[in-house]
Amino acid sequence: MTQKFSLNVNGTTQTVDADPDMPLLYALRNDLGLSNPHFGCGLSQCGACTVHINGAAVRSCATPMSAVGDGKVVTLAGLGTPEKPHPVQTAFIQEEVFQCGYCLNGWVMTTAALLKDKKNPTDAEIREGLSGLKCRCGTHMSILRAVKRAATMMG
Ligand code: FES
Ligand code: FES
């Protein structure tokens with residue numbers, strides 16, 4: 001049975017009719033037309049669906065609507081704009097990280113949350129912080145360079 005949920009997404013409040021168990025990812029993509037969070041595994045194992053809730057990186061495929069409450073949801077589209085990109089977005093572009101780009105959302109959103117909490121992380125801390133993410137195109141070394149570039153920009 002569906003119920004009404006008020007979602008605060010990228011600074012605006014929008015109402016979605018949904019089953020309480022429905023993943024937040026479906027509301028973002030199908031009801032609100034926000035296509036940056038991607039469906040990868042649907043099992044919390046790849047990170048393609050990552051968004052921020054109250055500043056923390058969470059996997060929206062494994063976050064039921066009933067768990068969002070009045071949390072502030074930010075998607076990649078809310079992190080920065082083409083005119084005013086977030087430093088992580090700028091760094092990933094400058095390092096020409098992506099190939100197919102399917103995983104992009106997860107790496108950028110997780111990196112942004114990581115660098116907010118940890119300035120100038122070591123390589124080991126970056127690897128640990130991003131360890132649950134997958135890129136099937138094998139861009140991991142350029143991702144590492146981009147994260148370090150973003151850390152310098154944000155430091
Ligand atoms: S789609 Fe959510 S973690 Fe893979
Ligand atoms: S760039 Fe293709 S999956 Fe990561």
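**Reading loops, helices and cores**

Guide: Welcome! Let's start at S44, which sits in the loop between helix 1 and strand 3 (50-53). Keep in mind that this is a predicted model.

Visitor: Glad to be here. What is the phi of S44, and how should I read it?

Guide: As a general idea, most residues other than glycine have a negative phi. S44 is not a glycine, yet it has a positive phi of about 65 degrees.

Visitor: Is S44 buried, partly exposed or exposed?

Guide: S44 is partly exposed, because its relative accessible area is 34%, and the cut-offs are under 20% for buried and over 50% for exposed.

Visitor: Where is N54, and what is its phi?

Guide: N54 belongs to the loop between strand 3 and strand 4 (56-59). N54 has a positive phi of about 50 degrees and is not a glycine either. With a relative accessible area of 56%, N54 counts as exposed.

Visitor: Now for helix packing. How do helix 4 and helix 6 cross?

Guide: Two packed helices are described by the angle between their axes and the distance between the axes. Here the axes of helix 4 (residues 104-117) and helix 6 (residues 140-154) come within 11 Å and cross at roughly 40 degrees. Helix 4 is therefore oblique to helix 6. The crossing of helix 4 past helix 6 is right-handed.

Visitor: Which residues make that contact?

Guide: From helix 4, W107, T111 and L115 meet H140, I143, V147, A150, A151 and M154 of helix 6. By class, this contact has seven nonpolar, two polar and no charged residues.

Visitor: Which residues touch the most other members of the largest nonpolar core?

Guide: In soluble globular proteins, nonpolar side chains tend to be buried together. In this model the largest nonpolar core has 23 residues, and V88, F92, W107, L130, I143 and V147 touch the most other members. Helix 2 (76-79), helix 3 (87-94), helix 4 and helix 6 each supply at least two residues of this core. I143 touches F92, V97, W107 and L130, setting aside residues up to four places away in sequence. A second, separate core of 16 residues includes V9, A18, L24 and L34.

Visitor: Which residues of helix 3 are buried, and what covers them?

Guide: The buried residues of helix 3 are V88, Q89, T90, A91 and F92. Their cover includes helix 2, helix 4 and helix 6.

Methods
Residues numbered from 1 in each chain as written. Chains lettered and ligands numbered in written order. Predicted model: local features only at pLDDT ≥ 70, side-chain atom pairs only at ≥ 80, totals over all residues. Heavy atoms only, no water. Axes fitted to C-alpha atoms, helices over the stretch in contact; angles between N-to-C directions. Helix = DSSP H or I, 4+ residues; strand = E, 2+ residues; numbered from the N terminus. Parallel < 35°, antiparallel > 145°, perpendicular 65-115°, else oblique. Left-handed = near helix turned anticlockwise from the far one by under 90°. Contact = heavy atoms within 4.5 Å. Nonpolar A, V, L, I, M, F, W, Y, C, P; charged D, E, K, R; others polar. Core = buried A, V, L, I, M, F, W, Y, C linked by side-chain atoms within 4.5 Å. Buried < 20%, exposed > 50% of the residue type's maximum accessible area, 1.4 Å probe, protein only.
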